[in-house]
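Let's take a walk through a protein model together. Have a look at the picture first, and then we'll go through it piece by piece.

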Amino acid sequence: MGMAGDTAAAAGDTGFAAELRAATRGDHGENETSSYMSALVEGRLSGEQYARLIVQLYPVYDALERAADVMAADPVAGPFVQPGLARRAALEADLAYFYGAGWRDALVLLPAAERYRDRLEEVAFDWAGGFVAHHYTRYLGDLSGGQYIARQVQRGLGLGKDDPGVLFYRFEGKPKAIKDGYRALLDAAPWNAAERARVIAEVKTAYRLNAQITDDLSRELHIEPAA
Ligand code: HEM
């Protein structure tokens, strides 16, 4: 699987959105290879195993969305901040579904999740390009492969799309329309070649931080590779 679903519009585009996608395609691919990710995509995880992923993602979105509150006032990063993207409340509802009212006690983080959160604290609060790099990597992913993963997780856990447990994947509005708008913002960002290169490098870092979480989860949970 991969980015075969590329839209014609994106493929013919030569703006920054297309440049960023092309420059990080290989990094994206490395995110699909862990046995945890395979099991996630195939709907083979138990609720307990799936919940360990959203535990790791909670501090990531918490940091990202605190950064968004700060960056909303930034002339370059501000337009990327849209209330409909925020995932924190959905994650809290999903965590409460899996762990009950005491879900905060279940937030036992892997070192990889702590590194990811620390990186966000370093680059997403006072560098517009760093904020956008991380914002793009998570939300465009949630709106892309994430929508397919959502259906597999729902099926695997026997949940409906509006049920607590899988609210994380549920966006108001059509994912494609949100993504098209987002890519237009990337194309419009006033970055020169050097800054574009820095943003691309930070997206690569973000992909690596994500991959480390699912690699660690494969080990922690002893997930078998696909048969
Ligand atoms: C096995 C897991 C995954 C699968 C099957 C998958 C699948 C896909 C697919 C099919 C697309 C293209 C959709 C389109 O053209 O509209 C896409 C785009 C994307 N994915 Fe994934 N993905 C996976 C994991 C991830 C992860 C872990 C991340 C990062 C946290 C991520 C981030 C992204 C981003 C940022 C895009 C948008 C690329 C762009 O158009 O600029 N994906 N994914």
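Which residue is the only protein donor of the iron atom of the ligand? That's His 28, whose NE2 atom sits at 2.0 Å from the iron. If you want to find His 28 in the picture, look in helix α2, which covers residues 16–30.

Before going further, keep in mind that this is a predicted model. How confident is the predictor? Averaged over the chain, pLDDT comes to 94, and 94% of the residues score at least 70.

Now for the inside. In soluble globular proteins, nonpolar side chains tend to be buried together. Here, the largest nonpolar core has 63 residues, and the ones touching the most other members are Leu 40, Tyr 50, Tyr 169 and Leu 186. Helix α4 gives this core its largest share, 13 residues. Let's zoom in on Leu 40: setting aside residues up to four places away in sequence, Leu 40 touches Leu 45, Tyr 50, Leu 53, Ile 149, Gln 152, Val 153 and Tyr 169.

Is Arg 52 buried or exposed? Its relative accessibility is 13%, so Arg 52 counts as buried. Beyond its neighbours within four places in sequence, Arg 52 has contacts that include Tyr 99, Ala 106, Val 108 and Glu 220.

Conventions. Residues numbered from 1 in each chain as written. Predicted model: local features only at pLDDT ≥ 70, side-chain atom pairs only at ≥ 80, totals over all residues. Heavy atoms only, no water. Buried < 20%, exposed > 50% of the residue type's maximum accessible area, 1.4 Å probe, protein only. Contact = heavy atoms within 4.5 Å. pLDDT = per-residue confidence, 0-100. Donors = N, O, S within 2.8 Å, 3.2 Å for Na, K, Ca; no water. Helix = DSSP H or I, 4+ residues; strand = E, 2+ residues; numbered from the N terminus. Core = buried A, V, L, I, M, F, W, Y, C linked by side-chain atoms within 4.5 Å.
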